[in-house]
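Have it open beside you as you read.

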Amino acid sequence: MIESDTQNSRQNRGFQRPRPLLMYLLALLILLVSAGLIGSNAYQRAHQAAFERSQARADLAAAFVANSFLSGQYGLRTIAAFVEPLIEAPDVGAQGGLESIERLLDEKVRDAGFIEAFFVASLDGRLLYASPSRTNVVQSPPWAFIEGFAFSRDEESVVTPLHVDPATGAPSIWRIHKLRSASGPVNALLLVKQSPDLLARSVDRLSVSDGESLALIDENMRLVARLPAPLSGDRSGLTGTRIQEPHTRAFIDSADAQGQVITASPVDDEERFYTFRRVDGLPYVVVVGEKTAVALQGWRQSVWIGSTGILLSALIGLFLLQQFYRRLRLEQSLVLENETQKKLQQEAQNNAARLGALVGSIPDMVFVIGQNGTFDFVHAVDETQLLRPPEEMVGLNYHDVLPAELASRFDRVKEDVANHRRLRNFDYQLFLDGEARHFEARVTPIPDGQEHSSGFLALVQDITDSKLQQAEMRIASTAFETHLGIVITDDQGIILRANRAFTRITGYEEHEVVGQSPRVLQSGVQDKAFYQQLWGRVNQTGSWEGEIWNRRKDGEVYAEWLTVTAVPGESGAILNYVGTFHDITRRKEAERQVHRLAFYDSLTGLANRALLEERIAEVGRANHRSGTHAALLYLDIEQFRAVNDSRGYDVGDLVLKELAARLSMIMRENDTLARIGGDEFGVLLSSLEGTEEQSARLAEVVAQKILVAFARPVEVAEHLVQVDVSIGISIIGSVVDHYDQQLQRAEQATQQAKEQTRHTGLNRIAFFNPEIQAKVVEHVFLEDQLRNALKENQFVLYFQPQVGYPDTRVGYEVLLRWQHPERGLVSPAVFIPMAEKSRLILPIGRWVLEQACQTLARWHNDPARSDLQLAVNVSVVQFQSTGFTEQVATILRRTGARPELLKLEVTESLLMDDPERVALVMSEIKELGVRFSLDDFGTGYSSLSYLKRLSLDQIKIDQSFVRNVTSNPASAAIVDSIIGLSQGLNLEVIAEGVETEAQRDWLVAHGCDHFQGYLFGRPGPE
């Protein structure tokens, strides 16, 4: 056997030799696979980053191109407004306004750098006016091309793709504006011919990095402009060139707003990441590309570095593996020397293990006690049953280990066993870890061969559990006679025992039912299938509990709550069944009463809201199983409150009863009609076959019947009452998640029905619109987050400079921003109206005002900013709140800010509501030293009388006028008027939205010398 073990050991060592090599190869394989996965992920990220960069560039280029056309749109409309009245004159020719029109058109050609010519043409292509002035021209070029765009679209103004003159090859862009007569129809066209350089130069404003390209093409695949420009510098040679590239063609033919692809450039054959982006409202597409070689350069470098690292790791691992095998050979020589000695030790350990296993198989505790009372041997499977560990007890006298009382008892037992030489049993109790445990000891003498004993053997068993079982049996015998009826049967269901409560409930004495089946109690209310399910459940799970109807001995049917439990034997086979029950007849009657009160309307007898919601859930689950549909109609009675107010609640109740009766006549038997509010009814139409659309049509038919029923006046108590009804409909499908939302959806549809009736006066029926619901949910969700934004310090203040001419900074406007943790910066246009509606603007506005005043106080000690003003926007809700003046005064007093440097900006909407009170509050705040600015002047209901009565210091010109002041005569006239009005009222005027030096110079020339806009700085943190 030893030789066999040695051979096995050698085989194991031989088997273990290649294991480190396999582990090395496995580690190398894992390293390669991991590197491959990392490289693949990096490759994907490089792809994604390239596409995102090209997409951003495409969006920016598209915006530039769109703006280049938008800037000339207002001028085109002005010329169109001038020309339209002259088209009405008959025999338009060289007389009348022709000379002035052509002179105007000539001036526009000279002023606009990219306009080559203006034309006015009739609908049949005759040229009415032209600039530069031409003679002997009877048809505007190129009419067939222009006619296709002018009359194929409904827009007032149309921009065409590139048109290449077949004679000269020169490309051009045509802008077409429809001229209408006073009665409305189109009677002529205003045509503008522009050079493609307009678009090319807008693209030139962008820069491209190494490897990037940017192209602008029209929907006919003609190239308008490209960056970088050709090496020759002759861009005009490429303009108008038709591109032959299938991916671009496929994108233009699609309806997508943008797309992306990797392909070779048709211009220089370089492979690029391309992004296609349509220019909004124009027949042009921006194509931005980035060379794949440039985009993936970093990835290739990382792959090279990773490969080098893997190679070094492999070489190091190979060196360590070689050292391991060298050490292994040395260890094997030592192992062989020790194997023989280990085998001998193993034999001794095996013998000791066999003896230990023999003793360990004895479940009882074993004590061998010598004649002098010392423990010679101690064994226990569970050592927690011992007072001390076995190794400590050996050699000690039992008087030193056992409690004194137990040691005295053992003295008497030992004496009796020694004298009579027979087995003796005795019970005792010990407290182990604070718990009382009961033991039984069997003590027998150990003979010495000379009819004397050399010691004693004690086998001890823990009998705590058996004592508990005996106690439980006694308790069970007592519990059998409880207030619950108990019946015990054998495995065949024959009654063996019944207690006194059984007799009290059923009327049967125990001797009358013993030997019979419990079927003697059956009432016939439950069918055979019910009892088959009951016993099937008992045999499957071991018990059943539920409500059952039985019959007493006197024939009375009663309800009981029954629990049937199977009692298995040690083999698992069922030996008995135990039934416990109590009479619940009175409780059932009370439940019926409660159910009627809880689920039915006391006035009409119809189902109430709770029962309707329960039926909706049931119908939804049925739809999920059968694939059918249902419909929920929400009825809101109009003018019902007026009936109660004018004719009394008694009449109102009678009206409701009559309407409930009319609705009941329309319902099917399996439909549910419910009163869910004071003047609201719900109708649940279940089991609607067919598709969702067919179910909707059936629901609409029922709704029309309801409208007919409500069309007739209700005659009650000598009153003739006419009411209307609005009906909202929600179709219930098979989506389980939405059952609890159906009433809310139908109610929302009712509100939609009211709105459309209010605005059109037509239909009083509306179906649920999920888009409106989504907006409502989103609005509620964002409003909940807005409530915590101030507490969680999510608001930040941005400051935009306000300057005086020429470049003197006079202060800042304070702008509120919401730094949402998930959405990023939320636009004030989104959350400010929400805050005003929920009146959260009051604490938010107070916080902004406090922060602004704290900033002014902090700047007071800074010579560079001590005299700068801060303009703070004040909401209408803030201004109208009680105690606003005191709030401003308190903040100024607490922060120590200089009042004359604080400027409150109010809008014209504030002046519309209670102007007398507004004027009073503004006067009170002015007395504190605070200044006022009227924001967005001219965009609302501007009133000169308000300007004269209110305590204003400044008027702010809205950026919508400033933006077009150099190109739109109407905007220029409005701004000029506001400046003159402000100077006449001795008010300071400031223009916002100034973005170009031309706008600033125009404003200075017309008397405005205070500005705010991107030309001087964008809003940002302090």
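## Aromatic pairs

Rings of Phe, Tyr and Trp (its six-membered ring) count as a pair if their centres lie within 6.5 Å; planes under 30 degrees apart are called stacked, over 60 edge-to-face, and the rest tilted. Searching the whole structure turns up 21 aromatic pairs. One of them is Trp-818 with Phe-831, an edge-to-face pair at 5.7 Å centre to centre and 80° between the planes. This pair links distant parts of the chain: Trp-818 belongs to strand β30 (residues 808-820) and Phe-831 to helix α24 (residues 828-838), 13 residues apart. Helices (H or I, at least four residues) and strands (E, at least two) are DSSP runs, numbered from the N terminus.

## How the model was read

What you're looking at is a predicted model, where local features need pLDDT of at least 70 and side-chain atom pairs count only at pLDDT 80 or more, while totals for chains, interfaces and linings use all residues. Residues are numbered from 1 along each chain as its sequence is written, and side-chain values use heavy atoms, leaving out hydrogens and water.

## A five-stranded sheet

Now look for five strands forming an open sheet, in the order β18-β17-β21-β20-β19, with antiparallel pairing. Two strands pair if DSSP finds at least two bridges between them. β18 (495-498) and β19 (543-551) are at the edges with a single partner strand each, so one side of each has no neighbour in the sheet. From one strand to the next, the twist averages 25°.

Strands β20 (residues 557-568) and β21 (residues 574-583) are antiparallel partners over nine bridges. Pro-568, for example, has Ile-574 in β21 as its bridge partner. Helix α16 (residues 528-541) lies across β19, β20 and β21, and runs at about 150° to β19. For such angles, axes are lines fitted to C-alpha atoms (for helices, over the stretch in contact, meaning heavy atoms within 4.5 Å), and the angles run from 0 to 180 degrees between N-to-C directions.

## Charges over rings

A charge sits over a ring if NZ of Lys or CZ of Arg is within 6 Å of the ring centre and within 35 degrees of the ring normal. Arg-278 has its charged end over the ring of Phe-251, 4.8 Å from the centre. Likewise, the charged end of Arg-1018 sits over the ring of Tyr-1014, 3.9 Å from its centre.
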